[in-house]
Amino acid sequence: MSGLAWQQHLILLPIVVPLLTGALLIPVNEKHHQRKYAANLISTLILLGCALTLFSLTDSEYWSSGIGVYLAANWSAPYGIALVADRLAALMLTLTAVLALASLVFSSSRWSRIGVHFHSLFQFLLMGLNGAFLTNDLFNLFVFFEVMLAASYGLVLHGYNVSRIRAGMQYITINLIASFLFLIGVALIYATTGTLNISDLGARVATLGVDELRLFKVGAAILALVFLTKCAMWPLGFWLPTTYAAASPPVAAMLVLMTKVGIYALLRVWLQVFAVDSGPVAGFGFMALFCGGLLTLVFGAVGLLASDEPGHIAGYAAIVSSGTLLAVIGYGQPSLVTAGLLYLLGSTIATAAFVLLTEFIERIRTPGASLLAVTMEAFAIDEKPEEPVGVGIPGTLAFLGLAFACCALVITGLPPLSGFIAKFSLFHALLNPEIGAPDLNAWLLMGLIIVAGLAGIISLMRFGVRTFWASGNVLPPRLQLSELLPVATLLLLCVALTVLAGPATDYLRRVTDSLHQPGHYIERVLGEPAIPGPVRLQEGTQ
Amino acid sequence: MLLPVLLLLPFVCSVIAACMPADARNREVWLAGTACFVSLLGVASLFPQISAGEVMRYELAWMPAYGLDFVLRVDGLAWLFMVLVLGIGMLVVLYAHYYMSPEDPVPRFFSFLLAFMGAMLGIVMSGNLIQLAVFWELTSITSFLLIGYWHHRADARRGARMAFTVTASGGLCLFAGVIILGRIVGSYDLDVVIAAGEQVRAHTLYFPALLLIVLGALTKSAQFPFHFWLPHAMAAPTPVSSYLHSATMVKAGVFLLMRLWPVLSGTEEWRWIVAGAGVCTLLIGSFAAIFQHDIKGLLAYSTISHLGLITVLLGIGTPLAMVAAIFHTINHATFKASLFMAAGIIDHESGSRDMRILRGLGRHMPITATLAIVASAAMAGVPLLNGFLSKEMFFAETLLVGGDTDWWMSGAALAMGIFSVTYSLRFISIFFGKPQVDLPRVPHEPPRWMRFPVELLVLLCLVVGVLPALSIDQILHNAVYSVLGEQMPSYDLAVWHGLNIPLVMSIAALLGGVLFYRLLRRRFNPDLREHVPLIHRFSGAQGYENVMSALSRSADFVLELFNTVRLQPQIFCILLAMVAVIATLGLPSSRHLADPFANLDPLFALLLAIGCICAVAAAWQAKYHRLAALALLGGTGVVVSVVFLWLSAPDLALTQLMVETVTTVLLLLGLRWLPPRKTPKELAIEVPRRVWLRRSRDLALAVMSGLLLAGITYAILLRPSADTIGDFFLLRALSEGGGTNAVNVLLVDFRGFDTLGEITVLAAVGLTIYALLRRFRPAPESLVQPEQQTDPLDPAIHQAPSRQARTGYLMVAGIYLRLLLPFMLLFAVYYFMRGHNLPGGGFVAGLIFAVAIILQYMLAGAVWVEAHLRVRPFRWLGLGLILACATGLGAWIFGYPFLTSHTAHLHLPLLGEVHVPSAFFFDLGVFSVVVGSTMLILIALAHQSIRSHRQPGKSADVEASASMQESS
Amino acid sequence: MEAAIAITIGILFGSGVWLVLRPRTFQVIIGLLLMSYAVNLFIFVMGRLWIDQAPLTLAPGTPDPSVHADPLSQALVLTAIVIGFATTALYLVMMLGARGLTGSDHVDAEEEDEQ
């Protein structure tokens with residue numbers, strides 16, 4: 001019988017490889033830390049390889065309309081569970097692998113040793129993330145969310161102290177309740193449509209009666225609540241800054257990505273089921289998403305102004321980006337989604353890099369001096385201008401300053417880095433819709449994004465000045481290459497995203513085009529035939 | 001091809017400069033100086049084409065889809081500004097070499113300076129509005145870094161923050177403005193935009209675009225009401241002040257206004273906004289300048305006023321005004337830069353910049369004094385100097401605006417002229433009089449080459465002032481032509497236009513200035529005044545800081561209202577959201593049954609009633625009577641499992657029952673570590689009213705959510721089920737899944753992928769729990785032995801648990817349970833084997849197995865059990881996962897997707913032929929994982945009690961890992 | 001019948017909600033368990049109610065779906081039960097850890113100032 005092409009299996013590997021690695025690492029004693037780290041690293045590298053290959057495959061003509069389908073257990077959709085790799089999924093897989101690599105290398109020097117089983121949990125987290133990006137089945141999505149969360153619980157509490165356990169208590173409780181909502185939503189959708197396959201939903205929804213339709217909408221809305229809690233929409237996202245501030249930097253870097261999983265799920269389900277031309281439920285909930293996004297944006301901006309702890313700043317920056325993306329999705333204009341994805345990439349990478357940086361920043365911060373600086377600011381005091389001679393800054397501090405500046409530029413969307421490009425393309429898309437003139441919402445969104453950017457500028461500048469300038473002669477921290485390298489790499493990615501803005505936007509354009517033509521997607525998923533099975537009938541007669 | 005090189009060179013050099021060692025002063029200077037000089041030559045080589053009215057372009061595709069390309073465009077205006085930027089840059093570099101003290105870390109300084117130079121070139125060369133905005137913000141950033149160069153000084157830090165906040169916000173406005181402009185025109189390309197002036201001015205979006213762009217320009221050029229940042233930017237080293245904050249960066253604003261003049265100017269809005277801001281600025285600036293004590297402060301305010309002058313000219317909007325504006329931009333750059341450098345020299349050589357103590361410097365540094373006096377004469381607009389020419393043009397223009405009826409603008413201009421003469425006099429007064437003796441240093445002439453830049457610039461002032469037609473005419477013509485194009489006015493640059501009103505005004509300004517200065521000296525000597533009269537109340541620094549702190553305070557306030565760090569409100573929000581969603585989207589108008597309780601078996605009803613009562617009672621008791629609550633909870637659990645059984649779900653019933661058991665054991669093990677809690681009645685305390693309120697609120701939410709969920713359930717149950725994909729599984733379970741128990745076949749075959757994830761969750765949770773309990777520290781008060789174990793009458797307290805089980809009062813139970821063990825294991829195997837066809841399966845079996853083991857633990861204590869059998873949870877976990885995963889991968893061998901189930905036909909001795917479906921191994925993996933994680937959790941909990949009898953802490957980790965971390 | 005089940009689910013869920021809104025970790029964990037019962041029942045009945053029609057296709061020949069309960073919803077519940085079990089255990093241990101580390105059994109791991 002003809003086997004599957006290896007390219008097919010690539011769709012599965014991002015889930016199985018971390019699972020196997022994590023399982024293998026469980027019985028290994030913590031004494032062999034280096035070996036565990038090595039195994040973890042290798043597996044993550046394999047993941048990166050898979051992700052990149054999928055990236056090119058989905059963008060090529062190998063699969064019709066660039067969508068690869070893998071029928072787990074060889075049962076055709078909608079009955080079995082189908083894994084689907086399209087451009088968006090491949091993109092997110094790549095992002096995951098890159099961030100995972102960065103935080104893994106970062107953790108190697110210190111963080112992965114402060115507790116046990118870090119590496120297994122880390123791999124399980126990757127499994128959950130990749131699964132959530134690949135699966136096309138609502139309940140399977142739930143399962144992978146749970147895998148991801150279970151691992152993240154462990155990682156948030158990893159090396160636990162009072163602050164981590166407090167944050168963990170919030171994080172875990174809220175996610176448990178969110179999981180209940182998830183189940184309720186899925187159950188409702190199943191009860192009304194009789195299917196769990198996302199691609200199958202659209203067709204079945206079209207046949208529903210009025211009452212069923214209402215119930216279905218309730219289910220979908222409850223599901224949306226879960227995703228919105230994950231991506232910290234106001235008022236469902238108060239857990240986020242606390243958790244970011246408490247978690248250890250490498251873990252927090254992964255959390256940054258996890259907020260984007262909610263966004264991803266929304267993109268998938270909403271654009272596929274509630275697309276503008278999908279009959280009875282067309283455009284359902286988009287307005288709510290938009291308003292929620294705006295509220296979140298404002299909330300994040302205010303939070304940025306109010307916070308001067310690096311952890312909180314990172315948290316509110318993530319909230320701002322979630323808000324922007326929600327509003328972008330809710331605005332419901334393809335060209336805007338393209339720009340939104342560019343923004344997502346940049347902000348995710350930069351926020352993650354910033355989270356990693358906070359560690360060093362904490363090392364060089366001297367609260368007393370910065371406090372003095374704060375009071376001098378507040379009362380506009382000038383000390384006697386002493387001999388105007390500058391203080392030299394050693395290389396490591398210079399690097400930290402530069403890295404911090406880059407993160408700040410991207411997060412606040414100042415030129416010349418990718419944050420600015422993303423904002424430019426957002427505004428361009430807002431002001432140049434395919435048809436007609438920009439409406440009031442467009443102006444509102446644009447204004448709020450600008451204001452949020454300003455808030456970010458003020459907050460980050462205040463923080464940077466107090467940390468790097470006002471804290472007297474700080475002795476430079478001891479940095480290891482394994483800690484510098486990830487940060488530098490992430491920032492270089494931001495730079496690359498800026499220079500290659502043209503190709504990047506073209507690619508993202510293709511991504512959103514396929515997102516907004518769910519027709520191909522659905523037809524590929526439901527059309528994928530199962531391989532004719534081995535004759536199983538002889539047990540049939542027992 | 002020359003253009004990109006010109007732009008890149010400074011940036012490249014900046015990187016090189018940053019990498020140099022801290023003491024490489026000369027190398028830095030050579031690098032920077034050469035860079036400037038070479039680029040200057042390059043620019044000069046362009047002069048012929050420029051004079052021919054040619055516009056050079058260089059394009060590079062960047063984001064073509066968005067109309068954002070990298071376009072370099074050089075015309076007369078850009079060329080003029082490039083010369084300014086590079087020329088003065090070169091002089092500043094030379095000057096800085098002597099100014100910066102040897103201890104200063106010059107690499108940072110020069111690399112920032114070069115980066116700024118590149119950014120500034122970028123602004124003037126940009127052929128695309130977005131690109132222009134990019135470089136615009138870059139200049140803000142670099143200026144921020146340069147002002148904060150001496151960042152150990154608070155004033156430098158504040159100056160930097162203030163400048164950056166203002167200019168960066170202005171940059172954002174500019175950004176928005178140009179995007180709107182691009183929206184109007186349909187392109188961001190400068191040439192296209194400039195060509196579309198009519199269309200823009202007619203468009204409805206014209207005003208917002210104008211407002212935003214002008215905001216950007218005014219903030220950058222320190223125009224009223226944003227002028228306050230410039231004086232504070234003087235905390236920067238003097239070379240920076242003379243370069244950024246007088247000659248180039250602050251000119252970016254007026255440059256932008258000139259660039260977009262053909263597009264935006266000529267309307268009422270333009271005139272009122274631009275000219276209005278300009279007039280206020282030039283009056284305030286020139287007036288405030290008089291009363292400064294710091295030389296640099298005086299120069300800063302005079303810069304503000306001169307920028308105001310240029311802005312007014314641009315606002316007036318006649319072609320001739322444009323000529324005057326550009327001309328004055330050049331002149332101001334020359335004399336103000338030289339003045340700043342002179343001020344730096346004075347500061348450097350005498351150790352002070354305070355005009356109250358500086359006296360008679362003319363004796364000590366005659367040459368510098370002469371240069372400074374000439375330059376300030378140019379600033380005051382004395383004839384035969386360049387300042388005079390452009391200022392006279394300015395007077396002429398102001399007259400033109402008013403015509404012969406309305407003289408207010410001429411009045412303002414005259415006042416400004418008078419003030420500028422006055423502060424120039426005040427400035428040069430430091431060179432006269434008898435020398436001050438107690439200066440920080442004894443003043444003397446600076447090094448030869450430190451003075452050279454000043455000399456050169458002053459020479460320029462003179463040349464332009466005396467022979468304008470020969471020196472500057474062509475350059476000015478190019479610049480003006482590139483802006484005005486066809487509507488090029490005719491003008492002649494001459495020192496003597498005959499006796500006309502502008503000349504009278506100039507003379508009046510000169511005389512008035514002298515008089516005003518004498519008057520001031522007489523009446524209220526500026527040296528003795530602390531503040532600027534009339535307008536001193538507005539302190540930029542304090543105002544800025546107040547705004548900033550107000551911002552963060554109000555942000556805090558808002559967070560107070562709309563944020564929470566507590567858990568309960570967050571849960572409340574989420575559940576409230578759910579309730580709201582259901583309520584708003586609404587329950588369907590459900591067709592009611594005649595009798596909703598039809599065909600309700602009374603026994604079943606009773607069962608449900610019990611379940612409900614248990615649940616409510618548990619909710620009632622959970623706070624003060626934990627054990628009772630636990631028991632009640634168990635009751636509900638059992639009821640639920642019976643309901644499953646009743647409603648034909650035997651698998652669920654079994655699983656629910658086992659899970660119930662294990663969970664209860666877990667909770668029981670946990671209870672011991674919770675603090676005692678007494679009811680308020682026992683403590684005789686009053687429950688505050690706030691708490692009652694919150695409770696009633698929560699109660700309302702609970703009732704609502706319960707009702708709505710019930711309503712939805714009912715609504716669903718009233719409907720016939722849609723044709724679900726469930727039927728498919730029933731049909732194929734046996735024929736293709738190879739099992740009669742559809743549920744189990746679903747779990748291990750159809751949706752085996754879910755199960756794989758599910759056991760991963762189990763494993764992850766097990767690991768987390770182990771990691772947590774490894775570090776577990778019991779609270780001190782829960783360390784004391786419970787009184788049951790300290791009762792002196794009880795002989796058992798001296799026995800180890802194992803002994804109690806062997807000979808103590810647990811003997812009966814002990815024997816019984818040990819006999820039971822093999823049977824329970826057999827049960828586990830039985831349920832496992834039948835799983836595929838009848839209720840059962842790996843999960844149930846695993847739980848039974850785990851319970852069997854844990855019973856032994858409960859009976860004889862952890863120590864004894866582990867002495868007799870080694871449970872190795874980690875191996876169970878790892879192997880289980882690997883087994884399940886490997887089973888799935890096995891399908892690859894047969895060329896099938898992951899987890900495809902197969903069946904092997906084995907001929908075993910004495911069993912005959914058996915079918916071994918691959919699902920069997922998968923289920924085995926599940927079994928093993930369940931056993932592993934359950935044991936891990938229970939044992940880890942059980943170990944706490946052993947540990948806590950010893951003193952907590954140090955031995956804990958060791959022991960836990962000794963007993964559990966078995967593999968090595 | 002339907003109404004009775006619906007009411008039961010409502011009551012279980014309601015009491016669960018009440019408990020998870022309470023300040024003590026033990027109350028919360030009991031609440032989570034009650035909620036999970038309710039949710040499991042809810043998923044289960046989404047496959048509608050069947051009596052004595054277990055999804056066991058023991059009868060020879062091709063089975064008739066109309067006489068068997070919906071196996072899918074049962075499978076979903078099974079998975080949900082397992083995951084619920086795991087997370088409950090985790091929550092329990094974390095609440096013990098919090099109690100041990102902070103000395104408090106409040107959900108915020110610190111007593112509210114108002115009480």
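How many residues of chain B are in contact with chain A? Hi everyone, that is my starting point today. Counting contact as heavy atoms within 4.5 Å, 134 residues of chain B are in contact with 157 residues of chain A.

A quick word on the ground rules. This is a predicted model, where local features need pLDDT of at least 70 and side-chain atom pairs count only at pLDDT 80 or more, while totals for chains, interfaces and linings use all residues. Residues are numbered from 1 along each chain as its sequence is written, chains are lettered from A and ligands numbered from 1 in the order in which they are written, and side-chain values use heavy atoms, with hydrogens and water left out.

Let's stay with chains B and A. The area buried between chain B and chain A is about 12400 Å², and carbon and sulfur atoms give 72% of that. Buried area here is the accessible area (1.4 Å probe) that two parts lose on being put together, summed over both. In chain B, Tyr66(B), Ile725(B) and Phe753(B) lose the most area to chain A, and together they make up 7% of what that side buries.

Now for the charges. A salt bridge is a side-chain nitrogen of Lys or Arg within 4 Å of a carboxyl oxygen of Asp or Glu, and between chain B and chain A the count is three. You can look up Glu212(A) and Arg719(B), whose side chains meet in a salt bridge at 3.4 Å, N to O. Helix 35 of chain B, residues 752-774, gives the most to the side that touches chain A, with 16 residues. Helices are DSSP runs (H or I, at least four residues), numbered from the N terminus. By class, that side of chain B has 78 nonpolar, 32 polar and 24 charged residues. Nonpolar covers Ala, Val, Leu, Ile, Met, Phe, Trp, Tyr, Cys and Pro; charged covers Asp, Glu, Lys and Arg; the others, Gly among them, count as polar.

On to chain C. Here the contact takes 32 residues from chain C and 26 residues from chain A. The buried area is about 2500 Å², with 85% from carbon and sulfur atoms.

Helix 3 of chain C gives the most to the side facing chain A, with 15 residues. The residues of that side divide into 21 nonpolar, seven polar and four charged.

Notes:
Helix = DSSP H or I, 4+ residues; strand = E, 2+ residues; numbered from the N terminus.
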